Amino acid sequence: MAGEIKILEFIEGVTTLAPNQIGSYDFANSAEKTSSYVITDTDRLNLIIASGSGTTITLPSTTNNIGRVISIKRNDSSNSITIARNNSSDAIDGSTSDLVIDQDLKSIKLAIIGINKVVVI
């Protein structure tokens, strides 16, 4: 689907899988979006699968999310997916430019390691 974003919440420590779970990802806590998405401080999202043209995923505040790890995967061959910084002072791997995922099925994992500091891991 064009513009589809699937949002999955990571559940740590899952050892028994229910029918709606694969690995440690609980699909019962997923939501689908058809446009760009801003990750909030309280939504606890750790994995976003994005597809569709012109999709932008905006990272949460670095101030309130130190230690948080977020994975974003581009799930189709449409136009690129942009990963936007929440604040113009935020730096991703030292750069104050937004990231672009422009390869089919490419994924990226980001860690918020301090105020205004995000690294690709």
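1. Secondary structure. In this predicted model, the chain contains zero helices and twelve strands, so that, read from the N terminus on, its elements run β-β-β-β-β-β-β-β-β-β-β-β.

2. Where contacts join residues at least 6 apart in sequence, 62% of them link residues that are at least 24 apart.

3. The open sheet. Four strands form an open sheet in the order E4-E6-E8-E10, and the pairing within this sheet is mixed. Strand E4 (37-38) and strand E10 (99-101) stand at its edges, and because each has a single partner strand, one side of each is left without a neighbour in the sheet. Between E4 and E6 there are two bridges, and these strands run parallel; as a point of orientation for the reader, Tyr37 stands opposite Ile57 in E6.

4. Pairings of E7. Strand E7 can be followed in two directions. With E5 it pairs in the parallel sense over four bridges, and here Ala50 stands opposite Arg74 in E7. With E11, by contrast, E7 runs antiparallel, the two strands being joined by five bridges, and the bridge partner of Lys73 is Ser107 in E11.

5. The largest nonpolar core. This core has 16 residues, of which Ile39, Ile57, Leu59, Ile72, Ile83 and Leu110 touch the most other members. At least two residues of the core are supplied by each of strand E5 (47-50), strand E7 (69-74), strand E8 (81-84) and strand E11 (107-114), and the largest share, three residues, comes from E11.

6. Leu110 within that core. Which residues does Leu110 touch, not counting residues up to four places away in sequence? Its contacts are Leu59, Arg68, Val69, Ile70, Ile72, Ile83, Ile92, Leu99, Val118, Val119, Val120 and Ile121. Among these residues, Leu59, Ile72 and Ile83 are listed, as is Leu110 itself, with the core residues that touch the most other members.

7. Asn65 in its loop. Asn65 is placed in the loop between strand E6 (56-58) and E7. Is this residue buried or exposed? With a relative accessibility of 6%, which falls under the 20% cut-off, Asn65 counts as buried. A polar atom of the Asn65 side chain lies 2.7 Å from the backbone oxygen of Ser61, and, when residues up to four places away in sequence are not counted, Asn65 touches Asp41, Pro60 and Ile112.

8. Two residues with positive phi. A reader checking the backbone may wish to look at Asp93, which has a positive phi of about 50° although it is not a glycine. Asp93 is found in the loop between strand E9 (91-92) and E10, and, having a relative accessible area of 48%, this residue is partly exposed. Asn116 is also a residue other than glycine with a positive phi, in this case near 65°. The position of Asn116 is in the loop between E11 and strand E12 (117-120), where it is partly exposed, with a relative accessible area of 25%.

Note on methods: Residues are numbered from 1 along each chain as its sequence is written. This is a predicted model: local features need pLDDT of at least 70, side-chain atom pairs count only at pLDDT 80 or more; totals for chains, interfaces and linings use all residues. Side-chain values use heavy atoms; hydrogens and water are left out. A nonpolar core is a set of buried Ala, Val, Leu, Ile, Met, Phe, Trp, Tyr and Cys residues joined through side-chain atoms within 4.5 Å. Buried means under 20% relative accessible area, exposed over 50%, partly exposed in between (1.4 Å probe, protein chains only). Contact means heavy atoms within 4.5 Å. A polar contact is a pair of N or O atoms within 3.5 Å; within protein, one must be able to donate a hydrogen and the other to accept it, and residues adjacent in sequence count only if both atoms are side-chain atoms. Two strands pair if DSSP finds at least two bridges between them.
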